[in-house]
Amino acid sequence: MPHLTDGLNFLSKLTPLRALNALQVVSSYIVSKVTGKATHWGYPFSISIEPTTSCNLRCPECPSGLRSFTRPTGMLQQDIFETTIEQLHKRLLYLIFYFQGEPYLHKEFLRMVKYASSRGIYTATSTNAHFLDDENARKTVESGLDRLIVSIDGTTQETYAAYRIGGKLEKVLEGTRNVVKWKKELKSKTPHIMFQFLVVRPNEHQLDDVKKLAQELGVDEVVFKTAQIYDYAQGSPLIPTIDYYSRYQNNGDGSYSLKNKLLNHCWKMWHSCVITWDGLMVPCCFDKDAEYRMGDLKEESFQQVWRGPAYKQFRQSVLRSRSEIEMCRNCTEGTKVWA
């Protein structure tokens with residue numbers, strides 16, 4: 001039933017103009033694949049906006065956790081956010097407030113969610129749930145947030161902290177309970193609460209446990225996510241032994257390689273993009289350090305960047321050979337498994 005409610009809520013955001021835009025994007029992607037020439041019609045119907053690069057945890061495969069960015073740390077400015085939304089909201093269907101960092105560290109985060117929700121956009125975020133005290137939980141429900149993705153990654157403190165270094169499982173559970181409580185008290189159907197469980201070797205024995213825990217707490221859905229390992233070639237203690245949940249295959253000689261083939265096209269380059277906290281526009285969520293900058297929204301309009309020469313050239317490069325693009329070499333699209 002929660003899946004149906006969430007699905008109907010998502011469909012309720014679809015307007016004739018948003019549907020037309022989606023059709024334009026899909027059509028231009030098909031044309032580009034067939035002809036090998038980068039053609040683009042329409043605007044993205046899904047974008048990610050980064051509230052901040054700051055984070056309270058130190059997860060070992062996360063640039064925010066490792067403090068390994070070369071780009072600066074900061075907070076998204078309201079004017080950049082609102083200007084972008086005003087340019088896109090008539091065609092934009094899905095907005096995720098997340099790229100790197102912990103969104104709830106931004107003091108105006110829920111105000112921005114409310115702003116986007118008021119424009120009829122389906123809104124989502126991903127959080128480590130350490131800041132969902134009673135007040136923030138109530139404000140989260142009141143903001144109109146449609147989807148709340150809670151990263152849990154373990155059902156005992158020991159297992160949880162093996163990856164979520166510096167984190168406290170009890171804070172995650174308490175925050176989840178608070179949101180569930182306020183949904184009931186405010187008689188709200190949103191947000192759709194998801195537990196996202198990043199499957200790594202230390203926690204792979206708790207897959208059934210997290211589904212049971214989610215049911216006990218009143219969580220709507222559990223998603224198992226495979227882990228991106230940056231230095232995977234010679235193996236890693238984080239690569240799970242359950243092959244189904246690994247992005248990498250053991251070659252039998254101690255070396256590992258990506259399971260998926262690197263095809264010379266990418267749907268993300270047509271339907272979505274990522275905007276960093278300081279207004280830089282990058283092609284996708286694999287560009288965590290914003291190396292492939294398509295433009296700067298502090299200096300140009302969204303349209304100028306989206307249709308600009310840098311983006312066109314990048315899409316053409318993807319169609320020509322993704323293996324020539326560094327961030328594409330460790331790309332593993334389709335990495336979530338619904339429980």
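Lys211 and Asp208 sit three residues apart in helix H9 (residues 207-217), so about one helical turn separates them. An α-helix has 3.6 residues a turn, so residues three or four places apart point the same way. Keep in mind that this is a predicted model.

**Stop 1: the pair in H9**

Select Lys211 and Asp208. They form a salt bridge, and their closest N and O atoms are 3.8 Å apart. Now show the surface. Asp208 is exposed, because its relative accessible area of 57% is over the 50% cut-off. Lys211 is partly exposed, at 37%.

**Stop 2: a link across the chain**

How many salt bridges does the structure hold? The number is 14. Select another of them: Asp146 with Lys13. Here the closest N and O atoms are 3.7 Å apart. This pair links distant parts of the chain, 133 residues apart. Asp146 lies in the loop between H6 and strand E4 (147-151). Lys13 lies in the loop between helix H1 (2-12) and helix H2 (16-35).

Are these two residues buried or exposed? Asp146 has a relative accessibility of 2%, so it counts as buried. Lys13 is buried too, with a relative accessible area of 14%. The cut-off for buried is under 20%.

**Stop 3: Asp296 and Lys298**

Next, select Asp296 and Lys298. They form a salt bridge as well, with the closest N and O atoms 3.1 Å apart. Asp296 is buried, at 13% relative accessible area.

**Stop 4: helix H5**

Go to residues 109-118. This is helix H5. Why is H5 largely enclosed by the rest of the structure? Seven of its ten residues are buried, so the rest of the structure largely encloses this helix.

Select the buried ones: Phe109, Leu110, Met112, Val113, Tyr115, Ala116 and Ser117. Then show what they pack against:

- helix H4 (78-88)
- strand E2 (94-97)
- strand E3 (122-127)
- helix H6 (134-142)

Step just past the end of H5 and click on Gly120. The phi angle of Gly120 is positive, about 75°.

**Stop 5: a nonpolar patch**

Jump to the start of the chain. Select Met1, Leu4, Leu8, Leu11 and Leu14. What do these residues form on the surface? They form a nonpolar patch. Together they have about 550 Å² of accessible area. Zoom in on Met1, in the segment before H1. With a relative accessibility of 72%, Met1 counts as exposed.

**Stop 6: the whole protein**

Zoom out and switch to a cartoon view. There are twelve helices and twelve strands. The C-alpha atoms fill a box of roughly 55 × 50 × 40 Å along the principal axes.

How does the radius of gyration agree with that of a compact globule? For 339 residues, a compact globule would have a value near 20 Å, and the protein has 20 Å, so the two agree.

Colour by burial. Buried residues make up 58% of the 339 residues. Then look at contacts. Of those with a separation of 6 or more, 68% come from residues 24 or more positions apart.

Finish with the surface of the whole protein. The accessible area comes to about 15400 Å². Carbon and sulfur atoms account for 53% of it.

Definitions and conventions. Residues are numbered from 1 along each chain as its sequence is written. This is a predicted model: local features need pLDDT of at least 70, side-chain atom pairs count only at pLDDT 80 or more; totals for chains, interfaces and linings use all residues. Side-chain values use heavy atoms; hydrogens and water are left out. Buried means under 20% relative accessible area, exposed over 50%, partly exposed in between (1.4 Å probe, protein chains only). Helices (H or I, at least four residues) and strands (E, at least two) are DSSP runs, numbered from the N terminus. Contact means heavy atoms within 4.5 Å. A salt bridge is a side-chain nitrogen of Lys or Arg within 4 Å of a carboxyl oxygen of Asp or Glu. Patches are made of residues with over 30% relative accessible area and no salt bridge: like charges are joined within 9 Å, nonpolar side chains (Val, Leu, Ile, Met, Phe, Trp, Tyr) within 5 Å. Accessible areas come from the Shrake-Rupley method with a 1.4 Å probe; for residues, only the protein chains shown count as cover. The radius of gyration is taken over C-alpha atoms; the globule rule is 2.2 Å times the number of residues to the power 0.38.
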